[in-house]
Amino acid sequence: GDVTTLTAALRRDPAVREVAPVLGTTMQGSHDESSASLVTYGITPTSQGIYALESGEDLGVDDSLGILLGAPAAARLGAIVGDTIVMRGRLDPQMANAGAERRFVVRGMVRFLYDARDQPSVAVALAAAQRLGGPEITDRASVLMVRVDEASDLTLVTARLRVAHVEVAVNSIDDLVAQFRLRLTYFRQLSLILGSISLVVT
């Protein structure tokens, strides 16, 4: 939804120290003769929490031309720090080609903390990702990461933000971990059942 308005509202909470919008979308990237569909994160470099820098440099505050590559994306594109990557935005179904295109210079290599294994991901500045994504995602984000001060009770702050912002889902890290564990338990049970069935069939 309206990220600018929501971000401003969250920052007015006395316990909130930082708000970092993250946009997740899919774009086409190319380097030399290589091309790949890439998970593309639009981030605010100074307050992101989704990757760790492994080599090269991070994006600067006003860096709208830099891009960060995860190892799987770098491998698929055959790119290293200093190379130029051409990113193409959402496809136009009527024209059968990308609606927008922009060149980025690889600033650094990063490890995305929440990615699936071998997921080809890159990160650019939030505004750059929004522009490439087209008018449908202007001033939008997939998630807002909120950091509260250490003196505040995370449970109480989460509850307060849920009441104040009923239009969005508000979860603490503990909530997300609990949901993950619940789903993991389900998949383990499913795996056990399927494994048993396979054993019987075999």
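Biologist: Which residue in β8 is the bridge partner of Tyr51?

Modeller: This is a predicted model, in which local features need pLDDT of at least 70, side-chain atom pairs count only at pLDDT 80 or more, and totals for chains, interfaces and linings use all residues. Residues are numbered from 1 along each chain as its sequence is written, and side-chain values use heavy atoms, with hydrogens and water left out. Strand β3 (residues 51–56) and β8 pair in the antiparallel sense over 5 bridges, where pairing requires that DSSP finds at least two bridges between two strands. In β8, the partner of Tyr51 is Phe112.

Biologist: How far from Asp115 is the nearest side chain of opposite charge?

Modeller: Asp115 lies in the loop between β8 (101–112) and β9 (121–125), and this residue is buried, meaning under 20% relative accessible area with a 1.4 Å probe, protein chains only. Asp115 has no salt bridge, a term that asks for a side-chain nitrogen of Lys or Arg within 4 Å of a carboxyl oxygen of Asp or Glu. Lys and Arg count as positive and Asp and Glu as negative, while His and the chain ends are not counted. The nearest such side chain, that of Arg111, is away by 10 Å.

Terms used: Helix = DSSP H or I, 4+ residues; strand = E, 2+ residues; numbered from the N terminus. Buried < 20%, exposed > 50% of the residue type's maximum accessible area, 1.4 Å probe, protein only.
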